[in-house]
Protein chains: 2
Amino acid sequence: MARMLAVLLLLAAHAAASASAGVTSPYRRSLLMLPDMPLDADVFRAPEGDNAPEQVHITQGDLTGRAMTISWATPKHPGSNVVRYGLDADNLNLTAEGTVRRYTWGGTYQSPYIHHATLTGLDHSTVYHYAVGHGYTVRSFSFKTPPKPGPDVPIKFGLIGDLGQTFHSNDTLSHYEANGGDAVLFIGDLSYADDHPGHDNRRWDSWARFVERSVAYQPWIWTAGNHEIDYAPEIGETVPFKPFTNRYPTPFRAANSTEPLWYSVRMGSAHVIMLSSYSSYGKYMPQWTWLQDELATRVDRAATPWLIVCVHTPWYNTNDYHYMEGETMRVQFERWLVDAKVDLVLSGHVHSYERTHRISNVVFDIDNGKAAPQINASAPVYVNIGDGGNTEGLANSFRSPQPEYSAFREASYGHATLDIKNRTHAYYEWHRNQDGVKVVADKAWFTNRYYLPTHTN
Amino acid sequence: MARMLAVLLLLAAHAAASASAGVTSPYRRSLLMLPDMPLDADVFRAPEGDNAPEQVHITQGDLTGRAMTISWATPKHPGSNVVRYGLDADNLNLTAEGTVRRYTWGGTYQSPYIHHATLTGLDHSTVYHYAVGHGYTVRSFSFKTPPKPGPDVPIKFGLIGDLGQTFHSNDTLSHYEANGGDAVLFIGDLSYADDHPGHDNRRWDSWARFVERSVAYQPWIWTAGNHEIDYAPEIGETVPFKPFTNRYPTPFRAANSTEPLWYSVRMGSAHVIMLSSYSSYGKYMPQWTWLQDELATRVDRAATPWLIVCVHTPWYNTNDYHYMEGETMRVQFERWLVDAKVDLVLSGHVHSYERTHRISNVVFDIDNGKAAPQINASAPVYVNIGDGGNTEGLANSFRSPQPEYSAFREASYGHATLDIKNRTHAYYEWHRNQDGVKVVADKAWFTNRYYLPTHTN
């Protein structure tokens with residue numbers, strides 16, 4: 001009861017706050033662009049041992065979390081391609097055989113051996129221990145499977161975008177770790193390798209070593225961003241997404257998708273859809289077809305009431321940087337998301353933080369002149385979380401005056417957490433990186449669009 | 001002088017006409033949907049002779065027309081992979097070696113052997129004779145290379161879209177042949193094989209036999225439409241454009257593109273850009289990058305003043321059918337085309353005919369409320385020519401009242417011709433199929449946006 005009272009008080013406080021105009025936070029971090037941490041930084045250190053497995057990361061391996069895909073790299077030779085795992089760290093009695101591959105880049109770079117193995121038949125909400133490597137260079141990790149999907153199953157997501165590999169990135173990752181989420185919804189732009197000459201793919205390796213400390217222990221769910229495209233015809237690389245798709249598998253087949261860049265997962269009470277800003281979304285095309293079917297037939301709000309969409313390029317963003325870049329995709333899909341009563345759309349790309357009110361702009365028909373965002377209780381909240389801390393610096397030029405649909409915006413680095421409590425309420429916080437510590441600088445209670453559709457937040 | 005006077009009189013007449021409101025032509029063809037012609041129809045007949053080459057078609061093989069790509073199919077075995085050609089029909093003293101391939105479809109269909117050979121080092125404006133096959137089944141054809149690009153070089157294009165293979169399609173093709181163009185700009189949707197169960201790929205074969213009578217003798221320049229996607233996961237076909245790209249090569253590399261679905265050619269005084277509605281046009285992606293570079297660095301209006309863009313899904317279309325489907329791509333690229341002073345945008349997809357005034361809708365910034373098409377002398381004319389006659393029938397539901405930007409619209413089958421006279425003027429006609437004969441139902445003189453930018457038409 002005490003907790004419920006606290007929740008109600010918070011809601012009342014928020015309702016009072018949301019009646020006021022949007023906030024452009026006066027707080028600003030240094031706008032100095034930081035270079036990536038040097039390749040010999042400790043956070044990039046390869047593990048000791050001959051051909052030691054490195055760059056370990058895991059992601060959900062099926063639709064609901066009874067499978068987990070383990071990925072790792074071996075630098076010198078393929079080594080063992082097997083994951084040993086089990087419930088007891090001292091008795092890894094199960095094995096999963098993986099695949100191994102390498103890729104070349106630009107005629108000069110040769111990737112390490114990249115392994116992917118999917119552990120299947122797992123139980124929900126269960127800790128599994130696993131080990132990769134063999135001989136003297138076995139490395140051991142563990143993860144907890146997500147809870148079985150259900151309408152009141154709590155789950156806490158970390159929301160991180162545009163992370164990169166600067167000291168700011170390191171702060172963001174550390175702050176997220178301290179906040180203790182169950183899984184990360186990563187909104188695209190991982191390594192920023194393509195900001196280096198020739199898209200230096202060693203930066204894909206260093207990034208994977210850097211984030212291993214989190215992503216080897218809990219699933220990160222990947223959305224592709226523009227820094228995953230790696231389209232470089234000047235060095236003969238003309239197939240988009242080559243490093244990314246070689247390194248980061250997604251469970252797209254389990255979601256009835258035919259391509260790894262758009263898919264969905266169910267975790268706890270959430271149904272999370274990943275879309276690709278950088279694939280065709282033309283009518284009749286695979287992504288369009290898939291999303292139509294997904295919303296019509298595979299989303300079950302009664303069972304997983306929280307419907308979240310991740311798409312790298314924002315559809316709403318009041319920053320001059322990348323302004324209206326998402327317009328082409330918004331025009332194509334916004335109506336579907338409003339009709340589906342999506343709770344939350346997460347984007348990155350713009351290197352600042354912003355949260356909108358529930359808005360839509362879906363009545364324009366070319367001839368009627370009605371083309372303005374309107375408050376709409378059926379529409380999603382849009383959150384821009386492209387503030388992970390990469391080397392490109394902050395997007396600090398907000399449009400003025402602040403449009404009515406913008407609830408809070410600030411040009412700082414940080415990350416957010418979405419703590420889904422039950423079928424009706426989720427508590428959201430944005431954590432600014434502030435002089436080495438994390439500070440909650442924006443927060444909101446979101447009410448579910450399926451079970452509480454008439455609430456305005 | 002007499003001719004110039006005639007031109008001036010026509011211009012004056014048109015100026016008077018264009019001051020009036022848009023025309024919704026009262027003329028209507030039967031709205032009955034026609035099935036495709038039966039597979040044993042004469043127009044689909046395979047040529048006599050053992051393993052006789054069939055489905056012969058040609059397209060420009062380089063940027064300016066000094067190369068021509070010859071394609072053909074052999075049904076039983078690869079046969080000869082060589083094109084013999086020369087200036088004298090009785091002395092084909094040159095040879096070009098081609099490639100050969102087959103593809104499977106849906107686990108049941110096996111394509112014939114598909115050959116592609118590019119003749120290079122040709123002279124402009126020159127008739128070449130060529131032959132494919134060997135032994136008793138040699139088949140001979142000829143073509144004339146396009147004229148060397150230059151600002152006053154006349155050229156006459158046929159404009160055909162959404163052709164299909166009904167009796168209407170046959171009328172359209174015959175009428176175009178009677179009009180005698182130099183080359184066809186084909187605006188997408190070739191065979192409509194995908195309207196048959198399992199995307200019956202025999203309909204790709206029959207279509208290629210049907211149009212051979214024109215396209216073996218003059219280059220058709222291909223734009224991909226939605227009926228080229230052939231995305232059919234239900235039968236295991238998950239890679240878009242498989243039949244189309246196997247059968248219809250394009251000279252994309254000569255235009256510095258990395259994919260066959262977007263590219264350009266120069267013919268006479270025209271620079272023609274083909275875009276793909278059904279590929280990613282997201283910022284940073286290959287098509288986006290290519291178009292940006294193309295407009296900035298490879299279009300030379302002084303040399304080839306007529307800038308034409310072909311894109312299957314219309315950006316402006318006042319028919320209820322497919323209304324606003326092109327909006328997502330318009331939002332992405334319209335500004336570039338207006339800035340580049342494109343003369344003409346050709347589209348199909350909607351099965352009727354429409355021509356707009358010069359309009360643009362490029363000042364919307366989400367917050368300013370300015371989202372309506374405006375007359376703009378820098379903007380292209382949009383022509384919808386999706387009226388080739390396919391089996392899906394006519395799109396006969398125009399929005400009412402006719403928007404101001406719509407100059408002429410009619411739900412009939414037909415094709416158009418664009419007869420470029422010189423650097424300033426081009427004569428355009430739309431030819432309705434009317435009870436077996438062709439009738440000019442719409443016509444216009446277009447003035448060039450580079451050399452006569454202040455003229456309104």
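Start with the aromatic rings: over all chains, a search of the whole structure turns up 58 aromatic pairs. To count, the rings of Phe, Tyr and Trp (for Trp, its six-membered ring) need centres within 6.5 Å; planes under 30 degrees apart are stacked, over 60 edge-to-face, and the rest tilted. Select A:F186 and A:W222: their ring centres are 5.5 Å apart and their planes stand at 55 degrees, so this pair is tilted. The two come from distant parts of the chain, 36 residues apart, with A:F186 in strand β13 (residues 183-186) and A:W222 in strand β14 (residues 220-222) of chain A. Strands here are DSSP runs of E with at least two residues, helices are runs of H or I with at least four, and both are numbered from the N terminus.

A quick word on the ground rules. This is a predicted model, where local features need pLDDT of at least 70 and side-chain atom pairs count only at pLDDT 80 or more, while totals for chains, interfaces and linings use all residues. Residues are numbered from 1 along each chain as its sequence is written, chains are lettered from A and ligands numbered from 1 in the order in which they are written, and side-chain values use heavy atoms, leaving out hydrogens and water.

Next, colour the interface. Here 43 residues of chain B are in contact with 43 residues of chain A, where contact means heavy atoms within 4.5 Å. Together the chains bury about 3300 Å², and carbon and sulfur atoms give 61% of it; that is the accessible area (1.4 Å probe) lost when the two parts are put together, summed over both. Pick out B:Y231, B:Y284 and B:I366: they supply 20% of the area that chain B buries against chain A, more than any other three residues.

What about charges? The rule finds four salt bridges across this interface, a salt bridge being a side-chain nitrogen of Lys or Arg within 4 Å of a carboxyl oxygen of Asp or Glu. Select A:D365 and B:R399 to see their side chains meet in a salt bridge, at 2.9 Å from N to O. On the side of chain B that touches chain A, α5 (286-298) and α6 (327-339) of chain B are the elements giving two or more residues. The largest share, six residues, comes from α6(B).

B:R399 sits in the loop between β22 (381-385) and β23 (406-410), B:D320 in the loop between β17 (306-310) and α6 of chain B, 79 residues apart.

Last stop: the backbone. Most residues other than glycine have a negative phi, and most peptide bonds are trans. Yet B:S400 and B:P401 are joined by a cis peptide bond, with omega about 0 degrees, and B:P401 lies in the loop between β22 and β23 of chain B. In chain A, the bond from A:S400 to A:P401 is cis too, with omega near 0 degrees. Finish at A:Y284, in the loop between β16 (270-274) and α5 (286-298) of chain A: this residue, not a glycine, has a positive phi, near 80 degrees.
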